[in-house]
4 protein chains.
Amino acid sequence: MIRVTVWNEFQHERTQEKVKEIYPDGIHTCIAKFLGQEEDLSVRTAVFDEEEHGLTEEVLANTDVLVFWNHMLQEEFSDDVAERVRRHVLAGMGLVVLHSGHYSKIMRKLLGTSMTLRWRHGDRERLFCTCPTHPIAQGIPAWVDIPEEEMYGEFFDIPKPDDVVFTGWFAGGEVFRSGCTFTRGLGKIFYFQPGHEEYPIYHMPVIQKIIKNGVRWCVPVVRRPAPLDNAWVNPSTEEVYLSSHQK
Amino acid sequence: MIRVTVWNEFQHERTQEKVKEIYPDGIHTCIAKFLGQEEDLSVRTAVFDEEEHGLTEEVLANTDVLVFWNHMLQEEFSDDVAERVRRHVLAGMGLVVLHSGHYSKIMRKLLGTSMTLRWRHGDRERLFCTCPTHPIAQGIPAWVDIPEEEMYGEFFDIPKPDDVVFTGWFAGGEVFRSGCTFTRGLGKIFYFQPGHEEYPIYHMPVIQKIIKNGVRWCVPVVRRPAPLDNAWVNPSTEEVYLSSHQK
Amino acid sequence: MIRVTVWNEFQHERTQEKVKEIYPDGIHTCIAKFLGQEEDLSVRTAVFDEEEHGLTEEVLANTDVLVFWNHMLQEEFSDDVAERVRRHVLAGMGLVVLHSGHYSKIMRKLLGTSMTLRWRHGDRERLFCTCPTHPIAQGIPAWVDIPEEEMYGEFFDIPKPDDVVFTGWFAGGEVFRSGCTFTRGLGKIFYFQPGHEEYPIYHMPVIQKIIKNGVRWCVPVVRRPAPLDNAWVNPSTEEVYLSSHQK
Amino acid sequence: MIRVTVWNEFQHERTQEKVKEIYPDGIHTCIAKFLGQEEDLSVRTAVFDEEEHGLTEEVLANTDVLVFWNHMLQEEFSDDVAERVRRHVLAGMGLVVLHSGHYSKIMRKLLGTSMTLRWRHGDRERLFCTCPTHPIAQGIPAWVDIPEEEMYGEFFDIPKPDDVVFTGWFAGGEVFRSGCTFTRGLGKIFYFQPGHEEYPIYHMPVIQKIIKNGVRWCVPVVRRPAPLDNAWVNPSTEEVYLSSHQK
């Protein structure tokens, strides 16, 4: 059973009518619902307003994959919690970051770059699959149309991704690396650009399928506490071998 | 003229007799001297004990490539200065990090992983060139023997490098990605493992040649302030084009 | 059910006493046996002396992953069959290439480089895991000792691998990228260096575990005939979209 | 002095009026002219109709970078000459491949994949720089508009590039990895998509600047005959070292 925690800032859905209509119980509830229909996934949610943003040491220790959406409160997010999430990712916890989460403290800490991009409201996106061998692309068509989406455009200041699974085309004249994978420490990270809150993007079955694939891809291959320090090793690996083989 | 700043912690050379004999004026002075013999390089130095570690806004703004060696005072290094260096790297400044500098705050901030590894005193290293097309490998033999070196061994917790230019073999039974390149923002980073302070490694001509190559490779292709925030763009790139082409 | 075909040249085992003792029924039978014990794998074998080397169109069309070992008869291998295997890999068939198979016509055709390396009989290898997040590393220790192995050393003339899962240390003073992954077309390729025929390496449980992991990783995400030519598309993707959305 | 050979099929320019008007002396002459204005470049040309396509052993041995444009006669190109070019690239010769040269025998041999893509006449392209630290991007704006261009669209069946320097946006609704770098053996390869023969794209100064940058980036770091076979090495690297250091 893959233990998934879906985290959402949960601000827009309570303050903006348009967003409330699309996600009456919050983006997290929508995502948790379609993930929860999968037999291999066990899903819980957490939001900004909970204590420690609901991402306590205990919650993270019992999370295989964290799905993360935020937007307005990037700077208000606790430094300590961001550092805690980073530590768990380095120790193996998977991380699926959606849309404006690219600029979260978590991502800036894990990836190190400015994470900036160009953006504009009111556009239309076409996602092309540019890495069809990737497990996240399994069952996804050669391209996917998103009728309404916020434009995110290059240059996107990220480290070179391991794979660019999806490349976005925008009608307004821009391109974007819309689906990118990274590995940091023992943790796998999938950044997926679609999902502006004003459009019902997480209601689209094909987008749900991509997020499900992303969650499964992010499941840790191995999980153990990251070392807190460099490790002195003595005697040498070679001496250990020789002492056990040559008498 | 490439403006190089060589930074050194400069502690061991003043407190340990063995190190003092090898580098009587400090590692930085040794490195600055062999770099300074190159006609295209203009070199200055800075050390930990200077105010702001000698890495003021003004010094960094006038540095094309920063060469960095530290060891003992990783945690004592100023957070603010580390963040300042990171900002300049993202804006294009090149960075050559030597030996135990892998665990500097600067590297942890830029690369995001734990940067941990296995290590042991008293070994011997052989550097193999595993990327002979890289400019840093130019003029370097297929392998280089370092008669005395501290062992650094895998697993080395770094993000996947752009290129592994050198892979190290250690007589004690370990391997290491000893020469790695990364790109972050507009900045190029070369991490080069050799250079434990107790051995005269920076006096070896072939090691000097690798560091010179590294400095030249790290020269910025473009340099500009990194954006402080994401950029709203309106009208769209397409509308700009159409308005100028279709009347 | 994953359909695996294990292919072996099957020459040494019939002509050299030492090899016959280790693999009395051939390397292919040894590999097929330990793979066949897995519930999700359905295994058959083929060898050089069969017609079309046993790799007919029909066999390949019914193979999800081909495991390939060869050595002596690199140049005698049919060009047509090598091209057929390449075509099936580009169409999605997985490929696990062992040891001296690095120099097979199949690999030279798929990877394009000379595939040359340095080698020597009579050495000892230690495999370090240099990509612990990779599915092929699942359940494998930080390093694995192989008491007797032929040395394969850098520079290994391959294109930059997607991942270097294992890096080999040899007692004679060399390193090697011993476990590498590549993607070509829709096909995944895992090259794994261990397995000189004179040593009982494929009897080692940990080596068997790595090969099992490799087979599972190579299972196609999608499989379809590779296009024989470039594809003219008209009307444009955009016109298709607009005609279905704007009335 | 960098020795450049510009190769062109030179068919369209002699048979189609529209193309003849744009490139009266052939695409090769146009490219050779703007490259020849650079002080560090020494340029010659060769075309399909010459003996051995003008790419004799002697010409290639005296070429640092080969610039290659072809279209109609992909299959008529000599297998032997394609193999000869491949051998020289593996030995260090740089290769800049333009537009439909993606499907040349040379590229299919060097990269191993089908090299197929989607295409359509009559579109408009915007090139975004998605790797601003790359030397090929030096001095190039964040994006470049090409008023008329043939559409090349994803999925483009290439091995994962070392860098995607430019990503193309097409008005008809497609994206493309329009500027890609690869390394094969000791040779560097830059594939650059723009340049359909019916539009005056190689007359655009910014396109010329990209090609100049590409040529300079492809200059060999080292050049030597590629080994024809694997190399037996004895004694071991370690014995060589020990015999010279321990008496």
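User: Which residue in strand 8 of chain B stands opposite Gly168(B)?

Analyst: Gly168(B) faces Phe176(B) in that strand. Please note that this is a predicted model, in which local features need pLDDT of at least 70, side-chain atom pairs count only at pLDDT 80 or more, and totals for chains, interfaces and linings use all residues. Residues are numbered from 1 along each chain as its sequence is written, chains are lettered from A and ligands numbered from 1 in the order in which they are written, and side-chain values use heavy atoms, with hydrogens and water left out. Strands (E, at least two residues) and helices (H or I, at least four residues) are DSSP runs numbered from the N terminus.

User: How many bridges join strand 7 of chain B to strand 8 of chain B?

Analyst: Two strands count as paired if DSSP finds at least two bridges between them. Strand 7 of chain B and strand 8 (residues 174-184) of chain B run antiparallel and share six bridges. These two strands form a hairpin with three residues between them, and Gly173(B) in the turn has a positive phi of about 105°. Strand 7 of chain B also pairs with strand 5 (residues 118-129) of chain B, in the antiparallel sense and over five bridges. There, Phe128(B) stands opposite Thr167(B) of strand 7.

User: How many of the eight residues of strand 7 of chain B are buried?

Analyst: A residue is buried under 20% relative accessible area, exposed over 50% and partly exposed in between, using a 1.4 Å probe and protein chains only. In a regular strand the side chains alternate between the two faces of the sheet. Strand 7 (residues 163-170) of chain B is mostly covered, with seven of its eight residues buried.

User: Which side chain does that of Arg120(B) join in a polar contact of 3.1 Å?

Analyst: A polar contact is a pair of N or O atoms within 3.5 Å; within protein, one must be able to donate a hydrogen and the other to accept it, and residues adjacent in sequence count only if both atoms are side-chain atoms. The partner of Arg120(B) at 3.1 Å is Glu174(B). Arg120(B) lies in strand 5 of chain B and is buried, with a relative accessible area of 4%. Contact means heavy atoms within 4.5 Å. Leaving aside neighbours within four places in sequence, the contacts of Arg120(B) include Trp232(A) and Pro235(A) as well as Glu150(B) and Met151(B).

User: What rotation superposes chain B on chain D?

Analyst: Copies are superposed by least squares on the C-alpha atoms of residues with pLDDT of at least 70 in both. A rotation of 180°, with 0.0 Å of shift along its axis, places chain B on chain D with an RMSD of 0.0 Å. This is the relation of a two-fold axis. Within chain B, the C-alpha nearest the axis belongs to Asp162(B), 4.1 Å from it. Both copies use the same surface, as 100% of the contact residues of chain B recur in chain D.

User: How many aromatic pairs does the structure hold over all chains?

Analyst: A pair of aromatic rings is described by the distance of the centres and the angle of the planes. Rings of Phe, Tyr and Trp (its six-membered ring) pair if their centres lie within 6.5 Å; planes under 30 degrees apart count as stacked, over 60 as edge-to-face and the rest as tilted. The structure holds 50 such pairs over all chains. Tyr23(D) and Tyr202(D) form a tilted one, 6.2 Å centre to centre with 45° between the planes. These two residues are 179 residues apart, and the pair links distant parts of the chain. Both Tyr23(D) and Tyr202(D) are buried. Phe128(D) and Trp143(D) are also tilted, at 5.7 Å and 40°. Phe128(D) is buried at 0% relative accessible area, whereas Trp143(D), at 28%, counts as partly exposed.

User: Which residue caps the N-terminal end of helix 5 of chain A?

Analyst: The cap is Ser78(A), with a side-chain oxygen 3.1 Å from the backbone nitrogen of Asp80(A). Helix 5 of chain A is followed by Gly92(A), whose phi is positive, near 125°.
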